[in-house]
Amino acid sequence: MVWMILMYVLAAAVLLTILGVLFWPGKRSDPDALTLRRVVVTRVIGQLTVGFALLGAVAGVGRTLWFSETRVELPGSTSFPEIDAGAGVNGLRILWGGFDHASFTMEGADFWGRFWLAVDGALIAALFVTAGFAVIRICDALLAGTPFQARVVRWLRITAWVSLGAGLGAQLANYFARHLIAGQLEDALPGRVLNAENPGTLSGQFLASSQAFTPDFWPVGLWLVLLALAAVFGIGARLQRENRGLRREVEGLV
């Protein structure tokens with residue numbers, strides 16, 4: 001799942017660099033035309049995000065469920081062998097060195113473990129798809145000259161709740177997958193690999209810690225920001241309707 005997110009980040013960075021070179025405003029640029037181009041380009045980016053997220057979800061879920069190989073990362077902590085705390089040179093002192101996760105690639109992983117890994121990927125893709133559609137709706141409203149539309153408010157609220165549900169749900173699905181696969185690994189790995197007394201070995205902590213659910217709360221922060229943005233657009237939509245009503249009344253008096 002990490003490679004998929006890194007792919008999106010890299011693609012977005014390259015695309016933003018190209019757009020910055022092509023559309024950076026010059027002294028003689030028409031501000032209105034430049035703004036219009038930026039909105040159109042942003043809409044295209046939203047469409048590409050939706051398309052790539054859907055393709056990535058189908059490919060990722062298919063690979064996880066039907067390919068023979070499965071890769072999983074289990075959190076934990078073990079020290080580097082032959083490195084003592086306090087070692088160093090030229091004023092640099094090493095306090096600790098080691099590994100904070102163990103990666104496994106295996107065949108024959110439990111189906112339900114692979115199923116929850118697929119759910120993890122599908123939920124993250126759903127978040128990108130919903131965000132992409134929200135960007136498209138906002139750009140459509142801007143191009144129509146009425147940025148504060150009810151459907152924009154609706155899509156921002158949908159995106160907020162999908163971000164909360166998909167963000168936390170993906171973490172929970174990943175936890176279920178780690179829990180099931182860790183149980184298989186505990187039976188499959190030789191005892192000498194799980195020697196907690198020997199630095200540099202895997203230690204049973206990696207398998208035990210994989211069964212602890214420690215969520216990240218970034219979905220909650222994103223949810224709050226999007227709901228606040230939806231509230232702002234909702235107020236703008238109400239003012240926009242009132243302004244249109246006043247304009248019609250004034251035109252009727254003329």
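Guide: Here is a close look at a pair of helices and the core beside them.

First, some ground rules: this is a predicted model, where local features need pLDDT of at least 70, side-chain atom pairs count only at pLDDT 80 or more, and totals for chains, interfaces and linings use all residues. Residues are numbered from 1 along each chain as its sequence is written, and side-chain values use heavy atoms, leaving out hydrogens and water.

The protein chain has six helices and four strands; these are DSSP runs numbered from the N terminus, with helices being H or I of at least four residues and strands E of at least two. Starting at the N terminus, the order is α-α-β-β-β-β-α-α-α-α.

Now zoom in on helix 3 (residues 111-143) and helix 4, which pack at an angle of about 165 degrees with their axes 8 Å apart. The axes are lines fitted to C-alpha atoms, for helices over the stretch in contact, and angles run from 0 to 180 degrees between N-to-C directions. Helix 3 and helix 4 are therefore roughly antiparallel, the label for angles over 145 degrees. The residues of their contact split into 25 nonpolar, seven polar and four charged. Here Ala, Val, Leu, Ile, Met, Phe, Trp, Tyr, Cys and Pro count as nonpolar, Asp, Glu, Lys and Arg as charged, and the others, Gly among them, as polar.

Helix 3 also holds Asp 140. At 15% relative accessibility, Asp 140 counts as buried (buried is under 20% relative accessible area, exposed over 50%, partly exposed in between, using a 1.4 Å probe and protein chains only). Leaving aside neighbours within four places in sequence, Asp 140 is in contact with Arg 43 and Arg 151, where contact means heavy atoms within 4.5 Å.

What about the middle? The largest nonpolar core has 12 residues, including Val 72, Phe 104, Leu 117 and Ile 181. A nonpolar core is a set of buried Ala, Val, Leu, Ile, Met, Phe, Trp, Tyr and Cys residues joined through side-chain atoms within 4.5 Å. Strand 1 (69-79), strand 4 (98-107) and helix 4 (150-188) each supply at least two residues of this core, and helix 4 gives the largest share, four residues. Pick out Leu 117: not counting residues up to four places away in sequence, Leu 117 touches Thr 64, Thr 70, Arg 71, Asn 174, Ala 177 and Ile 181.

Definitions and conventions. Angles under 35 degrees count as roughly parallel, over 145 as roughly antiparallel, 65 to 115 as roughly perpendicular and the rest as oblique.
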